[in-house]
Amino acid sequence: MAYNPQPVSDQYLWDIFMRVDRDRSGSITANELQGALSNGTWQPFNPETVRMMIGMFDRDHSGTINFEEFKALWKYITDWLNCFRSFDTDRSGNIDQLELKNALTTFGYRLSDNFYSILVQKFDRDGTKTIKFDDFIQCCVLLQSLTAAFKYHDTDLDGWIKISYEEFLSLVFSLRM
């Protein structure tokens, strides 16, 4: 699926939607969406990222996305692509540790270099010490979700929370992604 940074018409998106909806069901499954999306390396999107995005945009909880949900997803992916490109300063098509640090610092995170190294290791599926576009989305959304859950418990906003192990597990496993 090619991305166009310009606003697109509903007809343009409908044409894409119809090409992606291979079984003509009127909705797009995670498998159909994964087959249509490219992470910039001619490989399909990470299945976990696709599943996460379906979950985020599936407003009627059908397990698929309809055309209206697809339009919102298209904008979301386009916005992330523009963000990704702005931090891919060497234009390699991937985000390295320094580029990731610059991106997350811009988003307001102040984390150690060791933590950025951990993130790159976690989201680098090819052993290149870089993160592809789809994995960048997943990394950022996961970090944002964990941060929101942490802030909910950080009632005095000092960057510290005290919770039990089971509360921690509940916190992590209850995230909707």
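Predicted model: local features only at pLDDT ≥ 70, side-chain atom pairs only at ≥ 80, totals over all residues.
Close-up 1. A cavity here is a set of points on a 1 Å grid over the protein atoms alone where a 1.4 Å probe fits but cannot get out. Grid points are joined across faces, edges and corners, and a volume is the space filled by probe spheres set on the points. The largest cavity holds about 40 Å³. Its lining (residues with an atom within 4 Å of a point) includes Asn 94, Phe 123, Asp 124, Arg 125 and Lys 132. By class, the lining splits into two nonpolar, three polar and five charged residues; Ala, Val, Leu, Ile, Met, Phe, Trp, Tyr, Cys and Pro count as nonpolar, Asp, Glu, Lys and Arg as charged, and the others, Gly among them, as polar. For bookkeeping, residues are numbered from 1 along each chain as its sequence is written, and side-chain values use heavy atoms, with hydrogens and water left out.

**Close-up 2. Ser 27 in its loop.** Ser 27 sits in the loop between helix 1 (10-20) and helix 2 (30-36), helices being DSSP runs (H or I, at least four residues) numbered from the N terminus. Is Ser 27 buried or exposed? It counts as buried because its relative accessible area is 16%, and buried means under 20% (exposed is over 50%, partly exposed in between; 1.4 Å probe, protein chains only). Leaving out residues up to four places away in sequence, Ser 27 touches Phe 17, Asp 21, Glu 32, Thr 64, Ile 65 and Asn 66, where contact means heavy atoms within 4.5 Å. With Thr 64 there is also a side-chain to side-chain polar contact at 3.3 Å. Such a contact is a pair of N or O atoms within 3.5 Å; within protein, one must be able to donate a hydrogen and the other to accept it, and residues adjacent in sequence count only if both atoms are side-chain atoms.

Close-up 3. The Lys 71 side chain makes a polar contact with that of Glu 68 (3.3 Å). Beyond four places in sequence, Lys 71 touches Asp 10 and Leu 13. Ala 72 counts as partly exposed because its relative accessibility is 35%.

Note on methods: 1 Å grid on protein atoms, 1.4 Å probe; cavity = no way out; pocket = protein on both sides within 12 Å on 5 of 7 lines; lining within 4 Å. Helix = DSSP H or I, 4+ residues; strand = E, 2+ residues; numbered from the N terminus.
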